[in-house]
Amino acid sequence: MKLKFLPILGVFLFSTSLQAQKLSKTKDILEPMQRANAYFMKKWPDTGKEIVTNIARPSNIWTRAVYYEGLLALHDIDRKKEYLDYAYSWGESHKWGLRGGIKTRNADNQCCGQTYLALYEMNPQKTECMHDIKASIDSMMATSKVSDWTWIDAIQMAMPVFAKLGQITKNPAYYERMHEMYKHSKEVEGGKGLYNPQDKLWWRDKDFVPPYKEPNGEDCYWSRGNGWVVAALVRVLQIIPKDAPHRQEYQTMLVDMLSALAPIQRTDGFWNASLHDPNNYGGKEATGTSLFVYGMAWGINQGIIPAKTYRPIVVKAWNALIKESVQPNGFLGYVQGTGKEPKDGQPVTVSSVPDFEDYGLGCFLLAGSEVYKMK
């Protein structure tokens, strides 16, 4: 029997059971973020050191790039020079380059550009920060191809890069190409697109479009994959002008997704890796949870979703993250390793070390930066 998820009714019924939880003082929100980040910076003092798992990879890959997104978000609320020094050191160690060079069309390789461009904005004299990422995106703009984002993670990895280049150069062509690529992923990729307007969630890629099913007969909606889309929408909406074309479309998508996510939060505050099948590798998972907190807290702070409904959901999730995921030494537990579906990167436990520790921290810092502003 197919399960029914009733987002609007569920949000209101669910929120009433969460009212008892409260948010800590701002210093108590900041402290676990500082602790988790200090653990990571101590473990990785050399920002240019290769990341060795099954193979050696350069440290400007997407996993590390997501961490630096989070680090700059932390810097926004905790302006320590060491954070910027660490970020500039990372870019300089790679000569502000991209894995695969400027001809790459791979969104994962372009994710580092989000931090490169943010650092350029802070110091416009350092034009080297933006040279290669702009060249890479411009090489894509010189063609008519819009079908590169075949997996939903790519929307987060590269969509904000297009948005930031549009803002920096004041060239709306970047906004238009960004929308064309987003629309292809949403409405065309995999046959009829990777977004299901009925459930208001995204399939990770064409391999998960029906008839693919989870063991309980539901569609497979991977938590972190949907979290990447939420994060992309937030980051793009933070960047593009208020009157930018398609802005309302992005905002509506974000609101719709959050309404679908709210009623399926676990009673412990986390979300499952499989959003519609809690028994398929069910359990606490920090990355999807962090990204949903990021989106909801930002939506509350911007007034685009009702605080009365969503604040209890955010508070319960954040309290779960800082009490159960962040360990006394700063290690982040319950982080699912890399992959593309619930079964990958398992087991996910409080002590299991994922193949990459960086992106989970980035997601957590993004979440905390917006929760901090809720106070």
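Reader: Hi! How many nonpolar, polar and charged residues line the largest pocket?

Author: Hi! The lining of the largest pocket has ten nonpolar, six polar and eight charged residues. Here Ala, Val, Leu, Ile, Met, Phe, Trp, Tyr, Cys and Pro count as nonpolar, Asp, Glu, Lys and Arg as charged, and the others, Gly among them, as polar. Bear in mind that this is a predicted model, where local features need pLDDT of at least 70 and side-chain atom pairs count only at pLDDT 80 or more, while totals for chains, interfaces and linings use all residues. Residues are numbered from 1 along each chain as its sequence is written, and side-chain values use heavy atoms, with hydrogens and water left out.

Reader: Good to know. How much space lies in that largest pocket?

Author: The largest pocket holds about 530 Å³ of space. On a 1 Å grid over the protein atoms alone, a pocket is an open set of points with protein on both sides within 12 Å along at least five of seven lines, a cavity is a set where a 1.4 Å probe fits but cannot get out, and lining residues have an atom within 4 Å of a point. Grid points are joined across faces, edges and corners, and the volume is the space filled by probe spheres set on them.

Reader: And which residues lie nearest the centre of the largest pocket?

Author: Of the 24 lining residues, Asp-76, Ala-118, Lys-164, Arg-235 and Gln-238 lie nearest the centre. Helix H3 (62-77), helix H6 (112-122), helix H8 (153-169), helix H10 (223-239) and H14 each give two or more residues to this lining. Helices (H or I, at least four residues) and strands (E, at least two) are DSSP runs, numbered from the N terminus.

Reader: You mentioned H6 and H8. At what angle do H6 and H8 pack?

Author: H6 and H8 pack at about 25°, and their axes are 8 Å apart. Axes are lines fitted to C-alpha atoms, for helices over the stretch in contact, and angles run from 0 to 180 degrees between N-to-C directions. That makes H6 roughly parallel to H8; angles under 35 degrees count as roughly parallel, over 145 as roughly antiparallel, 65 to 115 as roughly perpendicular and the rest as oblique.

Reader: Which residues of H6 meet H8?

Author: From H6, Gly-113, Gln-114, Leu-117, Tyr-120 and Glu-121 meet a set in H8 that includes Pro-160, Val-161 and Lys-164. Contact means heavy atoms within 4.5 Å. By class, this contact has seven nonpolar, four polar and two charged residues.

Reader: Changing topic: how do the axes of H2 and H4 cross?

Author: Helix H2 (residues 26-43) and helix H4 (residues 81-93) have axes that come within 13 Å and cross at roughly 40°. That makes H2 oblique to H4. Gln-34, Asn-37, Phe-40 and Met-41 of H2 make the contact with Glu-82, Tyr-83 and Tyr-86 of H4. Those contact residues divide into four nonpolar, two polar and one charged.

Reader: Backbone time. Where is the cis peptide bond?

Author: It runs from Gln-346 to Pro-347, with omega near 0°. Pro-347 sits in the loop between helix H13 (307-325) and helix H14 (358-374).

Reader: And which residue other than glycine has a phi near 60°?

Author: Lys-200 has that positive phi. The loop between strand S3 (195-196) and strand S4 (201-202) holds Lys-200. Most residues other than glycine have a negative phi, and most peptide bonds are trans.
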